[in-house]
Amino acid sequence: MSVLVAKGLIRQFNGLRAVDNVTLEIPEQQVRALIGPNGAGKTTLVGLLSGRLACSNGRIDFLGRDITKVPPHKRIAMGMAYTFQITSIFPSLSVHENVAIAARRLCRNEKDTRAVVADALKRVSLAHVANTDAADLSYGHQRLLEIAMGLSQSPRLLILDEPTQGLAEGEVAEFIKLIHDIRQNTTVLLIEHNMDVVMQVADVVTVLNHGQVLFEGTPADVQANIEVQTAYLGGAHVKA
Amino acid sequence: MDFGPYLMLATLEGAVTAAVLALTASGLALVFGIMRVVNVAHGEFFMLGAVLAWWVTDLMGATPVLGFAIALVVVPLMVAALATFADMTILKRINYDPERTIVATIGILYILQQVTLMTYGPDARPVTAPFNTRLALPWFERTEDGISLYWPWGLSITSYKLAVIGAAGGVLLGLWAVMKRSRLGLMMRATEQDREMALAFGIPVERIYALVFGMGAGLAALAAVLVVPIQQAHYLMGGDPLLLSFIVVIIGGLGSLPGTVLAALLIGLSDGIISVFFSPTLAKILATLLVAMLLVFRPQGMFGERRL
């Protein structure tokens with residue numbers, strides 16, 4: 001069964017079609033990368049999938065249920081977790097408390113919560129800073145904390161919006177290891193600029209350009225494809 | 001009497017004021033911190049607590065101790081329920097918009113005040129304290145044999161006033177534990193930091209708001225029930241607690257609970273001491289001046305964080 005099926009998604013911002021008739025199907029256990037030049041509509045598409053933006057047209061099915069009109073917090077309750085492009089953590093709560101908030105829905109009691117939080121923090125290697133205020137973490141660690149918050153919800157689909165942006169090289173390597181760990185039991189949609197990361201972790205890559213799906217295939221196919229290279233390297237949408 | 005015993009008496013009276021003020025102000029701080037609502041009606045919830053405490057003890061009639069015990073439990077819950085109702089029917093409808101909530105709570109202030117005047121009337125009515133033993137306090141003096149204790153005339157406190165201080169301390173510790181240690185407190189703190197994100201994580205923000213508004217009013221009512229055997233219930237008694245609570249919340253750093261309690265101690269004690277040695281009016285003038293100075297030099301308050 002496919003975890004997520006989006007059909008004919010359209011999002012109109014006045015004159016601009018940021019997402020233009022996008023169809024996307026992500027099967028279970030897949031790591032799907034979504035790439036594309038700046039302004040291709042990646043973040044808008046994530047907004048539609050997570051429910052933070054309403055679709056102008058189209059339909060989204062999640063785990064076989066139509067969620068087109070379902071509000072964001074209910075989508076999270078159904079098993080969709082996401083991190084945002086801008087770090088979204090509660091800065092003056094401790095790392096532990098941040099994850100506990102995210103895990104709240106699944107855990108009936110204090111003991112469960114502790115176990116789930118400890119596990120999530122261990123997976124992202126943040127266990128040693130559990131009692132630090134989130135605001136005092138380095139930027140890279142804050143992004144990992146976000147991922148831990150996503151993981152603690154035992155999601156069926158984890159959407160990561162530009163998770164490696166602003167990370168140091170060593171941290172990126174750690175992140176790739178983390179994705180390999182997560183993919184064991186979670187479907188991942190990864191919005192990513194860093195092509196190295198995409199090539200190493202993605203099963204299938206979807207390339208977005210001008211709000212439309214330009215290409216879909218394995219990382220190797222993408223690398224070989226002329227059109228994709230033009231989208232990235234030529235025209236007005238140059239992205240180094 | 002020498003200066004020493006006078007100072008001790010003034011400090012003890014100030015400590016009672018501080019205890020009551022800390023409870024009232026932490027209610028205001030809770031509402032402001034979590035909901036960003038400036039609750040101008042806070043003093044009226046205090047007044048309502050006192051008036052309802054009179055009503056409940058009057059109903060119980062012959063058994064003042066039992067009546068007071070019931071009032072202590074029931075009245076804060078009644079006021080909290082009323083505030084929760086006001087939150088759901090008024091504040092929620094105007095989307096907690098900062099300017100409009102100020103106007104709305106001013107409206108609530110007048111409604112509560114006038115309804116009390118129309119039903120309870122303009123009289124100030126006393127509530128009998130459940131226990132009220134006078135405890136003489138010792139002071140020391142230097143004699144030829146060294147230091148010895150004596151009991152100066154007039155230096156005393158009642159057991160009830162000590163109980164008020166103890167009860168306020170206990171409730172504040174309980175409040176702190178709820179905020180820091182419980183799941184509910186965690187949800188409240190998350191809501192305080194980022195309402196949108198709390199919503200995204202499925203925290204029922206609207207229910208939290210209703211609960212917080214109720215808790216804030218309930219704390220004011222509890223403070224009033226505690227103070228009414230000392231002060232009498234009157235429909236206009238909400239003004240002073242409102243002014244002092246605002247002063248305390250601003251000094252403490254808007255919404256910070258430890259800051260609020262510390263500021264309540266500062267203002268309460270200085271109010272007690274200045275009132276005894278000079279005049280109550282001077283105490284209010286100095287407290288207001290302190291706030292003005294603080295707003296000039298440290299606008300985020302003693303414990304507040306600068307917010308964007």
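In this predicted model, the contact between the two chains draws on 15 residues of chain A and eleven residues of chain B. On the side of chain A that touches chain B, the elements that give two or more residues are helix 2 (72-78) and helix 3 (95-103) of chain A. By type, the residues on that side of chain A divide into nine nonpolar, three polar and three charged.

The buried residues of helix 6 of chain B are L186(B), M187(B), M188(B), A190(B), T191(B) and E192(B). These residues pack against helix 3 of chain A, and also against helix 1 (3-35), helix 5 (159-181), helix 7 (195-200) and helix 8 of chain B.

Helix 8 (205-231) of chain B has another partner in helix 2 (42-60) of chain B: their axes come within 7 Å and cross at roughly 45 degrees.

Most residues other than glycine have a negative phi. Y96(B) is not a glycine, yet its phi is positive, about 55 degrees. Y96(B) lies in the loop between helix 3 (64-91) and helix 4 (98-119) of chain B. Y96(B) counts as partly exposed because it has 18 C-beta neighbours inside 10 Å, and a buried residue needs 20 or more.

Chain A has a case of this kind in N14(A), whose phi is positive at about 45 degrees although it is not a glycine. N14(A) sits in the loop between strand 1 (2-13) and strand 2 (16-27) of chain A. N14(A) is exposed because 5 other C-beta atoms lie within 10 Å of its own, the limit for an exposed residue being 12 or fewer.

Further along chain A there is an open sheet of six strands, in the order 6-7-8-3-9-10, with mixed pairing. Strand 6 (80-83) and strand 10 (212-217) of chain A are the edge strands, each pairing on one side only. From one strand to the next the twist averages 15 degrees. Within the sheet, strand 3 (31-35) and strand 8 (187-191) of chain A run parallel and are joined by four bridges. A33(A) stands opposite L190(A) of strand 8.

Helix 1 (42-50) of chain A packs on this sheet, touching strand 3, strand 6, strand 7 (157-161), strand 8 and strand 9 (204-209) of chain A. The direction of helix 1 makes about 150 degrees with that of strand 7 of chain A. Helix 5 (139-151) of chain A lies across strand 6 and strand 7 of chain A, and runs at about 175 degrees to strand 6.

One loop of chain A remains. L106(A) is found between helix 3 and helix 4 (110-123) of chain A. L106(A) counts as partly exposed because it has 13 C-beta neighbours inside 10 Å. L106(A) and Q153(A) are 47 residues apart in sequence, but their C-alpha atoms are 6.8 Å apart in space. Leaving aside neighbours within four places in sequence, L106(A) is in contact with V116(A), Q153(A) and S154(A).

How values were computed. Residues numbered from 1 in each chain as written. Chains lettered and ligands numbered in written order. Predicted model: local features only at pLDDT ≥ 70, side-chain atom pairs only at ≥ 80, totals over all residues. Pairing = 2+ DSSP bridges. Axes fitted to C-alpha atoms, helices over the stretch in contact; angles between N-to-C directions. Contact = placed C-beta atoms within 7 Å. Nonpolar A, V, L, I, M, F, W, Y, C, P; charged D, E, K, R; others polar.
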